[in-house]
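Hello,

Here is the structure you asked to look at. My notes follow below it.

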Amino acid sequence: MSATERTEAMPVTSLARAPSVLSRFWPFLALLVAALALPVTGNHYWALIATRAAIYWVLVAGLNLIVGFAGQLAIGYVALLAVGAYTSSVLAAGNVLPPVPAFAALGAAGVVGAVVGVVVGLPALRLRTFYFAMTTLGFATIVTQIALAWQGVTGGGIGIAGPQFPAPLNTPWGFYYFCLAAAALCTWITGNIAASRFGRALVAVRDAEVAAEASGISKPRLLVAVFILGGALAAIGGGLFASLQSYITPDAFTFDLSVLFFVAVLIGGRGSILGPLLGTIVLTVLPEIAAPLAAWSTFLYAALLLVIVVAMPGGIAALLDVRNRRPLPAKRAILPETNALEALIGSPEVPGGLSLRGIVLSFGGIRAIDGLDLDVRPGEVHGLIGPNGSGKTTTLNVISGFYAPEEGRLTLGQEALPAGAPVLRARRGIARTYQTPRLIGAASVLQNVMVGATADGRASFLEALLALPRHRRDEATMAKRARQALAAVGLGALADVRADRLQHSELRFLEIARALMVRPAFLLLDEPAAGLSTGEIKRLGGLIRAISQHGTGVLLVEHHADLIFDICDRITVLNLGRILAVGTPAEIRMHREVVSAYLGA
Amino acid sequence: MLASILASGLAVGAVYAMIGITYNTMFSTSRVMSFTAGQFGMLGGVLGSLFILRLGVPVLPGLVLTLAGCALLGVVTEFVAVRPVLKSLDQHLYVLSTLAVALLVQSFTALEWSTEPQPFPTLFHIGKGVWDEKNWLPVLACAATVLGLEFFYARTLVGRAFVAIAEDNFAARALGLPERNLRIASYALAGAIGALAGFAGAQLLLAFFANGTLLNFYGFVPVALGGLGNNRGAVISGIGLGLFQEAANFLVGGVFSSVAVFVLFIIILLAAPQGLFGAPAARRV
């Protein structure tokens, strides 16, 4: 760190320090201690309410990853509660097969719930948000209809007895401790996921889907994993629910319960574990302590939902997030430390040049790219310039796989790059930034950068769930490299600040930091200097040159002619989707057509 | 048997189709899929029963009052749940805000009306058996709605303004069309159409608060299959859905008919995400 930066950045480092381990966990510990001490009251009515809250949290913990993190609006999750309740009850009662012990029935319910969770979630992989909301709603309506009509198995409207657990779980407090243990376990595992690359990827899919894909995040695989977990937890919650009710009928699974779960996540705040946990407790307990409210509870939940959406989208979590309300110093400079690049990207593996041959792509009747040949060599800074609509960004989108060209070939070194497969690009060492920065405003700067390393992670979802050693090593490496990347682009002091508090120019450098996490063989920059001050543009130029000196080829789309002519080794000029000229800056400056068409005399 | 399957299939299909049109009418001016669509249908039955059976209002004024009530609720939806979140359409907050309003309406109805299905009066006493009015009334209402809307969109100035907004919101505003007022009007219109669907179908579905959720889903199926904003697609898919459901009801029984509808819905959507009559998706990057 240079001396100037240290003085300038001082207030930031002290203000936005990462929360210590204790400050992150004490609310959970306090809740757990209070919950453990509850039997002191000796009040069985409270045991019932607290058990119910614990069971609801088992479901909401999983739902929180789906709704709060992944942003998938699963509004009919009561259906999975019902599936779990009926599966465990039917198995324990022996209606279909010989009776099985309550614990086995509970496990079977989890398995069935996982399968059903994925099946119901399938539309979310391909369809728009509203469709998924609707399919879960539809599923919630048909599950109760099935329970009602399938009398031979479910007992129809008369119902069926819930599974009974053996002693010592058959007393109110025994069962309460059992459910509390389940709830604590769910808090732990979903907290692990939330803090892992999977949790960050979920939020990335929610808030910056395009950038997530370019970082190598496969939305379908990620969502399937979360639907399995969410479905299993919901169904296990259902089994516990059936046991608590001791007798279940289809009436127990009204849509009102779905509303409770859903609203609990949203008042808690998206992307938080503590918020939805508090939300669940409050929504479960509130109608009990204010008896006249009980009949009106759904009405109140709905009103609460409306107020949150319209007036307070951050929920409880935003209220608790005191750190991010402290002002950031107004005068702060972005001072890249290019020597940090050595540790961060070293000499990335570059399999050879990136080349495009005869690429054609049209939108409707317009040929956006019309037979483009382009070569980006390892370690060069290659400028791509041209008037608006000449096909510059479209070219980047073809390279990063968002568009599949109609004709032409893309190769990286000796190997062809599959057209139209953005998720595979990060693994091949191609990273990029966007004209409008695509970042996760609700996540910290550090987390945003770590998203770029998602493809690097070795630990599986299951290892992350249980915080096994390989996962912890992954996390430590990623965090360390992300800090290096932030130092390299000059944002080191802002690592723990929420990204939506940054200035526009800082967001541009943040995107570069995220791209560097890929150790890119080729880095595609889409107008990185737009909106930057003169001084910032100069430092950006230095940073880009330094990156290229490590062997990374940079393809730079830019309108700032000074920057282009300053730092590029070669320049390609596009016009109407075709190449107007290729050459060194000196050649381009002299090119008559370029001067008349674009640069101006 | 076939005749009764056809008759009741057409009848429920017509109700689903009209709820689909309700969704589309709101979507066309605001790009918002509102959960209140099904609630309008539910209220069509409940308010109709309230006015005509409980308060003794004659049929025609009762119908007018029902439609007016739901049109008003449509306007309220626009003010409370749609306008505040229009700026951030891509965050899908409208799903939550309109769901909240829908739940407010539904739980208020459950508390103040009844949680049990209530009877809906026979209105005209014309027709028997397959030709019972509970079967032809929804079909008639659906046909009237479709023809009325076609005439409205093609022949009237306000209707053409609706179409202009639906085609290209920015261009329409640049031409000086009062976009906000047209949006409010479209929500009122949607409320009335939904109410008419519920009113005409209430002899089949009864005046029951939980019909809202049911109609939300079964009314959305024709929209999804027919393509967003495509009224003709909604009518064809709605009728098709009604016939399929009744046939499945007869062949495999009530439970599995709803499972069949649900499974078919998911399979069709996964195979053709834009619906059977829809246009391909827009560019993302």
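The C-alpha centres of domain 1 of chain A and domain 2 of chain A are 41 Å apart. Domain 1 covers 44–263 and domain 2 covers 340–599 of chain A, with bounds taken from an automatic or database domain assignment. This is a predicted model, in which local features need pLDDT of at least 70 and side-chain atom pairs count only at pLDDT 80 or more, while totals for chains, interfaces and linings use all residues. Residues are numbered from 1 along each chain as its sequence is written, and chains are lettered from A and ligands numbered from 1 in the order in which they are written.

The contact between the domains takes 21 residues from domain 1 of chain A and 30 residues from domain 2 of chain A (contact: C-beta atoms, placed from the backbone, within 7 Å). On the domain 1 side, helices H8 (172–194), H9 (197–207) and H10 (209–214) of chain A each supply at least two residues. Helices here are DSSP runs of H or I, at least four residues, numbered from the N terminus. H9(A) gives the largest share of that side, seven residues. By class, the side of domain 1 of chain A that touches domain 2 has twelve nonpolar, five polar and four charged residues (nonpolar: Ala, Val, Leu, Ile, Met, Phe, Trp, Tyr, Cys and Pro; charged: Asp, Glu, Lys and Arg; polar: the others, Gly among them).

There is also a helix pair. The axes of H5 (residues 102–126) and H11 (residues 219–245) of chain A come within 6 Å and cross at roughly 140 degrees (axes are lines fitted to C-alpha atoms over the stretch in contact, with angles from 0 to 180 degrees between N-to-C directions). H5(A) and H11(A) are therefore oblique to each other (under 35 degrees is roughly parallel, over 145 roughly antiparallel, 65 to 115 roughly perpendicular, the rest oblique). Their contact has 18 nonpolar, eight polar and no charged residues.

Regards

Technical notes:
Contact = placed C-beta atoms within 7 Å.
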